[in-house]
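This briefing concerns salt bridges, a pocket and a surface patch in one protein model. Please read the points below alongside the structure.

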Amino acid sequence: MRNPHHILITGASSGIGAALALRYSAPGIVLVLSGRNAERLEDVAAACRAKGAVVQDRVIDVQDQSKMAAWIVEADQHYPLDLVIANAGISGGTAGVMHHEPMDQVRRIFDINLYGVLNTIEPVIPLMIARGRGQVAIISSLAGFRGWPGAPAYSASKGAVRFYGEALRGALRHTGVAVNVVCPGFIVSRMTDANQFSMPFLMDTDKAASIIVRGLSKNKGRIAFPWPTHAVSWLMSVLPDWLVQNILIQLPKKQ
């Protein structure tokens, strides 16, 4: 069972990131939080401090490799990080002209969802290896099990970090550094608020955070939930492509 005291979370100003920050908040806990919205991030930080945690919050763009590295190394020098959660991410719709994504949107999604994760974990992994301990959690998605026509860049970016995280877990298994990949389904958040279609097994952020924290404490390699959506996502990844394409093309497109 892992019991982290110094925790860094990106994308902590809303959604799962904010819920995780609040879930970990307690006396003796140091939280290093980042987000894109200063007002929302400060609200989260204040709520965490009210629960007894020491909080350092920073508005920072996960796409900025040098600034991310400097921020993370500085935080680690003051509070050696036990757990880093690479959570920041965005989505995007495909309901525009010809139902495909504009390339500037595709690149932005990859820049944040993939390179933002790399910019978060790359600076800290050598530091954790040197200490012989640490834990890195990468927030992927059940959308990362299959390329979804309704969200091509999102599903591809989440698939990329899922595969990378699972491979990295094996590569670092003898270093004392654990890598965990989190694959949620539909979670109540600013991201899903934009969806104008039915979202099966939609889960609130507090419940999702509890599942993630429990899975991380047990060092589960893949934390995927809810199980019915996980089962369907897995099935879509192994069925013949022609069959899955005919099924997925019928699903609603994200606005």
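Arginine 162 forms a salt bridge (a side-chain nitrogen of Lys or Arg within 4 Å of a carboxyl oxygen of Asp or Glu) with glutamate 166, and their closest N and O atoms are 3.3 Å apart. This is a predicted model, in which local features need pLDDT of at least 70 and side-chain atom pairs count only at pLDDT 80 or more, while totals for chains, interfaces and linings use all residues. Residues are numbered from 1 along each chain as its sequence is written, and side-chain values use heavy atoms, with hydrogens and water left out.

- Arginine 162 counts as buried at 8% relative accessibility, whereas glutamate 166 is partly exposed at 25%; buried means under 20% relative accessible area, exposed over 50%, and partly exposed in between, for a 1.4 Å probe and protein chains only.
- Glutamate 166 also forms a salt bridge with arginine 222, with the closest N and O atoms 2.9 Å apart.
- Because glutamate 166 lies in helix 6 and arginine 222 in strand 7 (residues 222-225), this pair ties together parts that are 56 residues apart in sequence.
- Arginine 222 is partly exposed, with a relative accessible area of 31%.

**Other salt bridges**

- Salt bridges that share partners join Glu42, Arg49 and Asp57 into one network, and within it the side chains of arginine 49 and glutamate 42 meet at 3.4 Å, N to O.
- Arginine 49 is partly exposed with a relative accessible area of 35%, and glutamate 42 is partly exposed with 36%.
- The structure holds eight salt bridges.

**Second largest pocket**

- Helix 8 (205-217) and helix 1 (15-24) each supply at least two lining residues, and the largest share, three residues, comes from helix 8.

Definitions and conventions
Helix = DSSP H or I, 4+ residues; strand = E, 2+ residues; numbered from the N terminus.
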